[in-house]
Every structure is written in C-alpha cells, then in structure tokens.
Amino acid sequence: MPFYRDKIYPYLVNTFGNPLPIRKIRQQVIPLAKGNVLEIGVGSGANFPYYDSARVTKLYALEPNPGMIRLAELALNKTKLNFQLLDLSGEQIPLEKESMDMVVSTFTLCTISRVEDALRSIRRVLKPGGKLIFFELGSSPDPDVRRWQRMFEPIAHRAYEGLSLTRDIPSLITQSGFHMEHLEAGYIAKFPKSWTYCFWGIAIH
C-alpha cells in the first residue's frame, strides 16, 4: 500500500520510533563513525544529530522510502555534515567497491527483506578492516519471550514494513564474513519484552 508506506509509516516512525532508551544507545554508537560513512535505511534521520561532523568526511545516507527521504533531508540540512542522499534499498548500494570506512545500520538489518544480500553489499563497499556499526531488534535468549516474538511477528512485519522480531543478528553478521569486535545485547525496556530485545556493537570486515 503506497499511501501507508510513503505517508503513514514515515509519520509513525518519526513520531514514535526514537524513545529515550533508543536515543541513549544511539548516543553511544553513532559518534564512533568516522571517515567516509554509509548509513543504510536512514529512515527519518534519527541518527544524524549524533554524528561528529569533525570525524565524518562524508555521510552517504541510503533510504528507499520517498516519505522517509523527505524527512531525512530536512534532518540533514540541520546538521553540519557533508552528505549525499541515495534512494535505493540496502541490497543495492550504488557505491564503489572498498570505498567506505564505516557502515551504520540501525533497525535496518532487522527490517530489510534480503538481509544476507544487504550484508554482502556492505562487505563489498567496506575497505579491508572497515567497520559495521549496528543497533538492531532481534531474537531474545528467553524461550518464553521468543514464543511471544513469533506470535507478534506477522503484526510487526505488516505495521513496520518488514520488521522481524526473531532474527539472530550477530549470527547473520558473522556468517556474512564479519568478525565481531564488540557486542552488547539486552532488553531496552521492561515491557513489552518481545518488542524490545536488541543487539548493538561493532563488526570488522
């Protein structure tokens, strides 16, 4: 449904998608980005205020949703970042091989449909030794919570344009050829646990 995808969904994400627990983790991980940086699935631009413009040479902001792009451009224009917006999906990164120092993904690897293809594309554009900064929803280690996650999965998928609550994000990243440098995980809110288990960290190409 293009109207929901391009109008309602961007509004929902922009209004409700960045509560305090999420902002706190963004504040931890996003300032680590430096050099030529690609962010995939930038959404409405919630990460942009946390980039250090003195460390980021250029930010390539990838987002396929037209409604999100409009919001992201407004957010980027409020920063001092040197940026370029790219309007393709994460599986189709229109950048040169080994051209990026870092790639950032927040709530994209848990949403994008062909996540393995996206990770291969990320590895292609990263320089050897380049880093992937990630912050994603994923599968809880608690069997009871996982049952609820499986139950809510169809709702999450429809309401949030493909969102999966049950992906093992660290395994997907390492199986794609990355080495985990730093990994944290946990519930970022006490309720509902089935929607709040996250992984965040850094992986090396």
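Trp 195 is partly exposed, because its relative accessibility is 22% and that class lies between buried (under 20% relative accessible area) and exposed (over 50%), using a 1.4 Å probe and protein chains only. The model is predicted: local features need pLDDT of at least 70, side-chain atom pairs count only at pLDDT 80 or more, and totals for chains, interfaces and linings use all residues. Residues are numbered from 1 along each chain as its sequence is written, and side-chain values use heavy atoms, without hydrogens and water.

Now the aromatic rings. Rings of Phe, Tyr and Trp (its six-membered ring) pair if their centres lie within 6.5 Å; planes under 30 degrees apart are stacked, over 60 edge-to-face, and the rest tilted. The count is 7 aromatic pairs. Two are shown here.

| Pair | Centre to centre | Plane angle | Class |
|---|---|---|---|
| Trp 148 and Phe 152 | 5.9 Å | 25° | stacked |
| Tyr 160 and Trp 195 | 6.2 Å | 70° | edge-to-face |

Tyr 160 and Trp 195 are 35 residues apart and link distant parts of the chain. Tyr 160 is partly exposed at 34% relative accessibility. Trp 148 and Phe 152 both lie in helix H5 (residues 143–159), 4 residues apart, about one turn of the helix. Helices are DSSP runs (H or I, at least four residues) and strands are too (E, at least two), numbered from the N terminus. Trp 148 is partly exposed at 48%, and Phe 152 is partly exposed at 23%. Trp 148, Phe 152, Tyr 160 and Trp 195 form one aromatic cluster.

Next, a strand. In E1 (residues 35–40), 5 of the 6 residues are buried.
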